[in-house]
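Okay, thanks for coming, everyone.

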Amino acid sequence: MLRKIPLHTKIIIGLVLGLIFGLVIIKTSIPNSFTIDFIKPIGTIFINSLKMIAVPLVLASLIVGVSNLGDVSKLSRIGGKTIATYLCTTVIAVSIGLILVNVFQPGKSLPAETRENLMSLYEGDAGSRVGQAAELQKQSPLQPLVDIVPDNVFRATTDNAAMLQVVFFAILVGIALLKIPKAKADPVVAFFDGMNEVIIQIVNFIMLIAPYGVFALMASLIVEIAGDNPDSALQLLLALLKYTLVVVGGLFTLILVVYPGILMAFTKVKYKDFFQAIRPAQLLAFSTSSSSATLPVTMKQVEEELGVSEEVSSFVLPLGATVNMDGTSLYQGVAAVFIAQALGMDLSLTQQLMIVLTATLASIGSAGVPGAGLIMLIIVLESIGVPAAGIALIIAPDRILDMFRTVVNVTGDATVCTIVASTEGELPDGLIRKSNPLTPNE
């Protein structure tokens, strides 16, 4: 019977049960040490499992993604337009997230006592990183660019905080594979392609324990936060609700303001017709939380309903499913700052710019599968010195937010595909090509 329950439903059940368990513990005479000693380690294992595969996931998927572009000359026109537009929309998305989270400051709505309790949970980690942040402020403004280039790539792959160095190396390897003879490049690409499939399968394995990890994280978090003040748990939940509303508000801003504005600027397609055309893909993205699983439907809709050629859609959309994660990037920006605010850590402008850079580059290596956003968030957190274990604060609503941000990811892919097709003179006077549209249930 349990096997028939969808994974996302199990995760929701796990977080609800974890919340109830934590509240019961703090309201009864059961010692908190039981939860800390026997429940929390399960959550720690889950977090460590996600951190374990972060580097190989980015390395393999990014090398394969770049090498699959075909040849470097192809980037001069369609490839250049596509990648530049994807990067611009991602930067816009992260920036919107950072603006909203800094304006509404959901993490700072917590009372000082609750923030101190949170900080004490990670004092061994967060305390040292706050000192590191102070040191970073004394460095040259160009130091982050220097830090992108690794002096030892093998050492970089052993440190999640050095993920930008791994991304830089992976991009170089991908470009190099495009420049060498195909006969010699193919075995290398095949190796990393196989590794990418293996890592994604490992992600699937890890997600099987996600309900138990979420239960343990939520239960232990409630117990540790509450301490002698049970009201702290309620205050945390209210702050979490505010955080969720900020993320959803940012995602709706992208879909209802940014994408229509871009379409109006570069195409003659009316955004109402555009959204009607890709609605089946959006619905599928919402239900599956996977831009990769939605890819065939997205391609069908932009080709049949918007008049985009197969040549453009078959290049732009698969690339977008790999490198374009606008919704995920916005979420990462909001989540990273929210966690820092909740822990009482003030992020400098340099650190917030690092979020933009890291979230943009990390999205390139993000797999289009459920749960990948959490892995990428760990990369962003560690790049700015915020304890990765802080994702326990935002894991409760993550599944619901994953559904919303996947809709944004898919919509962004279709938007860029339409823009590229328009610049290539493909769209028939900006009008929707009338065919037999799919119904939402197909």
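**Charges, rings and a greasy patch**

Let's start with Arg405 and Asp402, which are both buried; buried means under 20% relative accessible area, exposed over 50%, and partly exposed in between, with a 1.4 Å probe and protein chains only. Quick bookkeeping: this is a predicted model, so local features need pLDDT of at least 70 and side-chain atom pairs count only at pLDDT 80 or more, while totals for chains, interfaces and linings use all residues. Residues are numbered from 1 along each chain as its sequence is written, and side-chain values use heavy atoms, with hydrogens and water left out.

Back to Arg405: its salt bridge with Asp402 has the closest N and O atoms 3.5 Å apart. The rule for a salt bridge is a side-chain nitrogen of Lys or Arg within 4 Å of a carboxyl oxygen of Asp or Glu. Both residues lie in helix H19 (residues 398-423), three residues apart, about one turn of the helix. Helices here are DSSP runs of H or I, at least four residues, numbered from the N terminus. The charged end of Arg405 also sits over the ring of Tyr331, 3.8 Å from its centre; that label needs CZ of Arg or NZ of Lys within 6 Å of the ring centre and within 35 degrees of the ring normal.

How many salt bridges does the rule give? The count is five. Another one joins Lys182 to Asp186, at 3.1 Å between the closest N and O atoms, and these two are four residues apart in helix H10. Lys182 is exposed at 61%, whereas Asp186 is partly exposed at 35%.

Now the rings. There are eight aromatic pairs, where ring centres of Phe, Tyr or Trp (its six-membered ring) lie within 6.5 Å, and planes under 30 degrees apart count as stacked, over 60 as edge-to-face, the rest as tilted. Phe34 and Phe38 have centres 5.7 Å apart and planes at 35°, so they're tilted. Phe38 is exposed, with 57% relative accessibility. Phe191 and Phe192, on the other hand, are edge-to-face, with 5.1 Å between centres and 75° between planes. Phe192 is buried at 14%.

Last item: Ile12, Ile13, Val16, Leu17, Ile20, Val24 and Ile400 make a nonpolar surface patch of about 530 Å². Patch residues have over 30% relative accessible area and no salt bridge, with nonpolar side chains (Val, Leu, Ile, Met, Phe, Trp, Tyr) joined within 5 Å and like charges within 9 Å. Areas are Shrake-Rupley with a 1.4 Å probe, and for residues only the protein chains shown count as cover. Helix H1 (residues 7-27) gives the largest share, six residues.
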